[in-house]
Amino acid sequence: MLDQQAAGGPRTPGTATRGETVPTVPPAETAADAVDVTALLERGRTLATPVLRAAVDRLAPPMDTVSAYHFGWIDAEGNPAAGGGGKAVRPALAVLSAEVTGAAPEVGIPGAVAVELVHNFSLLHDDLMDGDEQRRHRDTVWKVHGPAQAILVGDALFALANEVLLELGSVEAGRATRRLTSATRALIDGQAQDISYEHRDRVSVEECLEMEGNKTGALLACASSIGAVLGGADDRTADTLERYGYHLGLAFQAVDDLLGIWGDPVSTGKQTWSDLRQRKKSLPVVAALAAGGPASDQLGEILAADAKSSDFENFSEEEFAARAALIEEAGGREWTAEEARRQYTTAIEALDAIDMPDRVRARFAALADFVVVRKR
Ligand SMILES: CC(C)=CCC/C(C)=C/CC/C(C)=C/COP(=O)(O)OP(=O)(O)O
């Protein structure tokens, strides 16, 4: 259980500004330092992309091209594009998890593709629900192709995810599909909680962590175990890998929350102050509100007034910057960075419960390191 009082954290006003390193404590030196994390992410992307493209090619027009735009394979005019797409954290985890069982990383490919499809289904719908106009440095699908295509393509990617796994026809694929379905349910629950919290003045830190565990932790948990399940891992091993992934997901979302307020749009590829514009009760906000003290009280009053404001959409950069400064002064930024670090540590410790080659363990640790220090 989290100590609400602790949510205040040290009250020293932070000094970092937009785009500077979020104050996440760098991970201690580990064997992960020897791992080339860029190559690890690239391996996940390279293994998953051909199967992902083949799956998306099955969609009826125009959903095939709308999907290709979303994944960054073509531009808005339909010309081939390169360098788009996401970070491929989930595919990297999925193919790595296959190696826990002694299988080749390729065994995890259908799992990597299925998880990436669910992840992208959720992004398409999330951008529409939040009215976000930018993702991955480009206009969002609903902006370019309209809300109906964003909904339909999201639905289609979700269906494809199940198809990709079930086509394998194995017992392991059935187990993997059940885990993915349960993670998807949690993801949807988390999104529903997140949206309902936008309309509440107060959300506790515990409620926020539960919501973030659902919306982000569950799918990262699935990504971290699905390759192992396809490789024939027993339930105990799969559950332990899920535990690693769940806490990694909480660390991931805590960093995402920091980036959602203080991230540099040049790196994140999203609009400035995206979470504040959306009235998100993200971790820095709820931690700042729970902290008590002058800055916290002032923030509470301002956010309560914002909730009633009819002019919120037209707030200036300076007005959002003032809210961000109060969140920071109340300790919300620092507490969230520490929470990312705590979740990171719990994730790494979870791995101690399973035997796996040192090389594989170091790679899981390297991916966790990447998650907490990332800027995008
Ligand atoms: C049902 C529904 C609409 C659910 C929405 C859930 C949702 C959007 C959760 C946020 C998860 C998250 C941190 C995404 C960014 O991942 P990332 O930084 O790995 O993205 P990338 O693939 O662009 O790198």
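Begin by selecting His137, which sits in the loop between β1 (134-135) and β2 (138-139), and keep in mind as you look that this is a predicted model. Although His137 is not a glycine, it has a positive phi of about 70°.

Next, go to the loop between α1 (37-57) and α2 (63-70), where you will find Pro62. Select Pro61 together with Pro62, and look at the peptide bond that joins them: this bond is cis, with an omega of about 0°.

Now select the ligand and the residues around it. There are 18 residues around the ligand, and those that come nearest are Lys87, Arg90, His119, Arg136 and Gln191. Show the side chain of Lys87, and you can find one of its polar atoms 2.5 Å from an oxygen atom of the ligand. Moving on to Arg90, you will see that a polar side-chain atom of this residue lies 2.7 Å from an oxygen atom of the ligand, while for Arg136 the distance from a polar side-chain atom to a ligand oxygen is 2.8 Å. How much of the ligand's accessible area does the protein cover? On its own the ligand has 630 Å² of accessible area, and the protein covers 94% of it.

Stay with the shell around the ligand, and colour its residues by class: five are nonpolar, seven are polar and six are charged. Then colour the helices α4 (109-130), α7 (171-197), α8 (205-230) and α9 (235-262), each of which supplies at least two residues of this shell. Which helix gives the most to the shell? It is α4, which contributes six residues.

To see what makes the contact, show Ala254, Asp257, Leu258, Ile261 and Trp262 on the α9 side, and Leu283, Pro284 and Val285 on the α12 side. If you colour these residues by class, the contact of α9 with α12 shows seven nonpolar residues and one charged residue, with no polar residues.

How values were computed:
Residues numbered from 1 in each chain as written. Predicted model: local features only at pLDDT ≥ 70, side-chain atom pairs only at ≥ 80, totals over all residues. Heavy atoms only, no water. Near = heavy atom within 4 Å. Polar contact = N/O pair within 3.5 Å; in protein donor to acceptor, adjacent residues only side chain to side chain. Areas by Shrake-Rupley, 256 points an atom, 1.4 Å probe, with all protein chains shown as cover. Helix = DSSP H or I, 4+ residues; strand = E, 2+ residues; numbered from the N terminus. Nonpolar A, V, L, I, M, F, W, Y, C, P; charged D, E, K, R; others polar. Contact = heavy atoms within 4.5 Å.
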